[in-house]
Amino acid sequence: MTPEGGVAAGVHMRERPVRKGSYLGRTAIVTVRPPVDGGTVLITGASSGIGREFAAQLAARTGTLVIAARRAGLLEALRAELIAAHPRLRVVALPVDLSDERDVERAVTAMREQAGPVDVLINNAGVGDQALFDVADWTRTR
Ligand SMILES: NC(=O)c1ccc[n+]([C@@H]2O[C@H](COP(=O)([O-])OP(=O)(O)OC[C@H]3O[C@@H](n4cnc5c(N)ncnc54)[C@H](OP(=O)(O)O)[C@@H]3O)[C@@H](O)[C@H]2O)c1
């Protein structure tokens with residue numbers, strides 16, 4: 001068990017007395033830690049609404065939170081709030097416009113440098129639209 005109550009990942013081999021006819025005389029015990037516990041979680045659309053709430057809820061469990069959205073000021077305010085409440089948490093604020101492919105490429109590079117590999121993606125950023133999908137505005141729905 002980890003200090004947070006999660007289960008550490010790993011495979012443990014336990015020796016067992018070999019009985020006649022047994023296959024290998026060993027039992028494999030596999031324990032798996034949910035990747036969110038102590039892992040790196042990327043939340044898109046974290047500057048407001050549901051994404052912001054995801055960040056607040058997961059802050060106690062993750063090792064690194066990457067919070068992405070366009071409004072850098074809101075991300076920095078959230079970052080400060082999360083770190084104040086969870087001093088051991090690492091928070092990377094990642095300002096990015098996800099509808100701009102070049103900006104996404106830039107942000108992915110910055111994220112790799114600052115946070116490393118991501119364990120969990122919460123792909124939350126988006127806008128609501130009310131229309132039939134095939135006639136919806138591509139710039140809003142893509
Ligand atoms: N609330 C509901 O009842 C409901 C129902 C069904 C589905 N959803 C979906 O759930 C998600 C979150 O909804 P919400 O109510 O929390 O909406 P919200 O408060 O408007 O939040 C949307 C988030 O997405 C970010 N975002 C929007 N466009 C972006 C872009 N181009 N690049 C980067 N970030 C962008 C916004 O940040 P910036 O403006 O700072 O970029 C904001 O943080 C959306 O995908 C929405 O469609 C919500």
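A nonpolar core, as the term is used here, is a set of buried Ala, Val, Leu, Ile, Met, Phe, Trp, Tyr and Cys residues joined through C-beta atoms within 7 Å. The model described with this term is a predicted one.

The chain has 142 residues, of which 18% count as buried. Its secondary structure comes to four helices and six strands. Followed along the sequence, these elements give the pattern β-β-β-α-β-α-β-α-β-α. Among contacts between residues at least 6 apart in sequence, 57% join residues at least 24 apart.

The largest nonpolar core holds 19 residues, and those that touch the most other members are I43, A46, A55, L65, I67 and A68. At least two residues of this core come from each of β3 (40-44), β4 (64-69), α2 (72-85) and β5 (90-95). The element that gives the most is β4, with five residues. In soluble globular proteins, nonpolar side chains tend to be buried together.

L65 shows how such a residue is surrounded. Apart from neighbours within four places in sequence, L65 is in contact with V41 and I43, with A55, L58 and A59, and with L82, L89 and V91.

A55 leads on to helix α1. The buried residues of α1 are G51, R52 and A55. These residues lie on the same side of α1, because they cover an arc of only 100 degrees around the helix axis. Among the elements that cover the buried residues of α1 are β3, β4 and α2.

Just after α3 comes G116, which takes a positive phi of about 75 degrees.

Note on methods: Residues are numbered from 1 along each chain as its sequence is written. This is a predicted model: local features need pLDDT of at least 70, side-chain atom pairs count only at pLDDT 80 or more; totals for chains, interfaces and linings use all residues. A residue is buried if 20 or more other C-beta atoms lie within 10 Å of its own, exposed if 12 or fewer, and partly exposed in between; C-beta atoms are placed from the backbone. Two residues are in contact if their C-beta atoms, placed from the backbone, lie within 7 Å. The arc is that of the directions from the helix axis to the C-beta atoms.
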